[in-house]
Amino acid sequence: MAEVDVNLDHVIPTTILPTYSAKLLVAFVSFVCFAHSYDGDFVFDDSEAIVNNKVAGIVGRADLLGALFFLLSFLGYCQAFRESNKEGTQFSTFWVLLSILLSAVAMLCKEQGITVLGFNAVFDALVIGKLNILEIIQKVRHKDKSLENIGWLKNGGLLFRMTLLFSGGATILYMRWRIMGTGPPAFTEVDNPASFADSIFVRAINYNYYYSLNAWLLLCPWWLCFDWSMGCIPLIKSVSDWRIIALAALWFCLIGLICQALCSEDSHKRRILTLGLGFLIIPFLPASNLFFRVGFVVAERVIYLPSIGYCVLLTYGFGILSKHTKKKKLIAATVVGILLINMARCITRCSQWRNEDLLFRSALTVCPLNAKVHYNVGKNLADQGDQTAAIRYYREAVRLNPKYVHAMNNLGNILKERNELQEAEELLSLAVQIQPDFAAAWMNLGIVQNSLRRFGEAERSYWTAIKYRRKYPDCYYNLGRLYADLNRPLDALNAWRNATFLKPEHTLAWNNMIILLDNTGNLAQAEAVGREALELIPHDHSIMFSLANVLGKSQKYKESEALFLKAIKANPSAASYHGNLAVLYHRWGNFNLAKKYYEVSLKLDPLAPGTKENYNLLKRKLEQLQTNSV
């Protein structure tokens, strides 16, 4: 019943091309598909995973790395039986253990990587050991006593290998538990609506519909979206929903394939279908919601590994068709056509991932009901400075999801900048009412209340934001501005000092400290703060400018001049830099240079406050000196 077969070439069909040529062909097709995106921007969650991630950017390759080590683990397991021929044993324990180690690496890259152990077990029992499920079923029906003897499991070392795989998987899961804990991530209803449904029927029917969508994306990857949450796929709530047909079609095909894989009298067919279905189903199980709730409805990345099984089944299907028809050229043309169509789709999709504008807009046609899609389009437009269009998309995001606090927060920010303070306050108040621990919304609400001169409410909002996010330098900065407006300089300085402690490169907080100390006549302290800031941020021209002003008032003209000139070199278009350097020269008695920099400042900004008056004073002084000399 369980005869070990160490010759795997007939189980995993090889190409008719020489190996070297096949590798070149695959490399060429891959290059054509993805070459268009090599110089694309970092988009969507690349910002957090790669650009702003200081530990390692390789996290952005989690799915690829997970698939790589999954396949290496599987190939290592296959190698255990190839090595047995050389060693004269039934299998190589070394390669089995190496396969388990590689599965651990696969899991460290991506959690679904551990499913390779289950895949190896199924592959071993049904393909290597040629376990015939149909035969076992028949023996169970006839109460065959041979099943009571487990010798058939021990034959060929199958039981020992299953024990190794199970022990290895249990050890890996235990280590994962020790490192990361057992608590599942906290997901919300918008991430996976079906998992929050009260009815078991609604949950089950929608989970199965999600499976059919994933299967359809493998067959026809035309509708692709960077995010499928937030109403992208409405829930099926009754059997009258026409989408039930998709579930029936999926299970009709799957059950047919599984029956053939387990019960076909053709052992070759059983092994090929087992391999294909194993790749298709087993790596997908962690995303199936069967064992735990997942944080997505559909995620195209989780069908990356299952696509291997799809390719095996598709190739096998075309092989069967080719054997039973005389129109072999038509079959070959169909295969080439499918390959070209998928290449074209891949190239198109890569083009859409080149920048966020293309990516987000491509999702509008696929998931027009997805609030997150509208939110991201709006955010991108806001970053580009198109506030009017951004407001339109933010409003649509809030309409689609009235509890979308991030959209409310961003819309409130734009309205605040446009001085539409009343509506901004309403939106931000609603956001913190829906999510009381939303620190950013509390801070922005405080800014709006400060602008409305409701200082007491603003102070409470700022402190509430800090309560929920203790390390919040921007909030401390805004709190300091509030205290400065209330003429509470010590409180303002403390708030800004907290901001710079939490974020040493917080330029605005450093500058405000220097300016406040300067304005209150504490020049020595202002100078000390300015020097401290410049040590931490040595190339910041605004701090050079603020410190230069303090040094000028302290009559340290030479050092002040050097800092002004460095600031101007870094930012030559700042009229105030030229104007204040002119004031320095004016005080210093270097009237010609003062005249030169006043004129440059007025050329850059003819309405610069105080500059024209100072320039006129200097001209009168120069005229007076000229008259006296005559």
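**View 1. Residue I255 in helix α10.** I255 is placed in helix α10, which covers residues 244-263; helices here are DSSP runs of H or I with at least four residues, numbered from the N terminus. The model is predicted, so local features need pLDDT of at least 70 and side-chain atom pairs pLDDT 80 or more, while totals for chains, interfaces and linings use all residues. Residues are numbered from 1 along each chain as its sequence is written, and side-chain values use heavy atoms, without hydrogens and water. With a relative accessible area of 47%, I255 is partly exposed (buried means under 20%, exposed over 50%, partly exposed in between, with a 1.4 Å probe and protein chains only). The C-alpha atoms of I255 and D383 are separated by 50 Å, and these residues are 128 apart along the chain.

View 2. N289 is located in the loop that joins α11 and α12. Because its relative accessible area is 10%, N289 counts as buried. Its side chain forms a polar contact of 2.9 Å with the side chain of N192 (a pair of N or O atoms within 3.5 Å; within protein, one must be able to donate a hydrogen and the other to accept it, and residues adjacent in sequence count only if both atoms are side-chain atoms). A polar atom of the N289 side chain also lies 3.3 Å from the backbone nitrogen of V294. Leaving aside residues up to four places away in sequence, N289 touches N192, S195, Y207 and V294, where contact means heavy atoms within 4.5 Å.

Methods
Helices (H or I, at least four residues) and strands (E, at least two) are DSSP runs, numbered from the N terminus.
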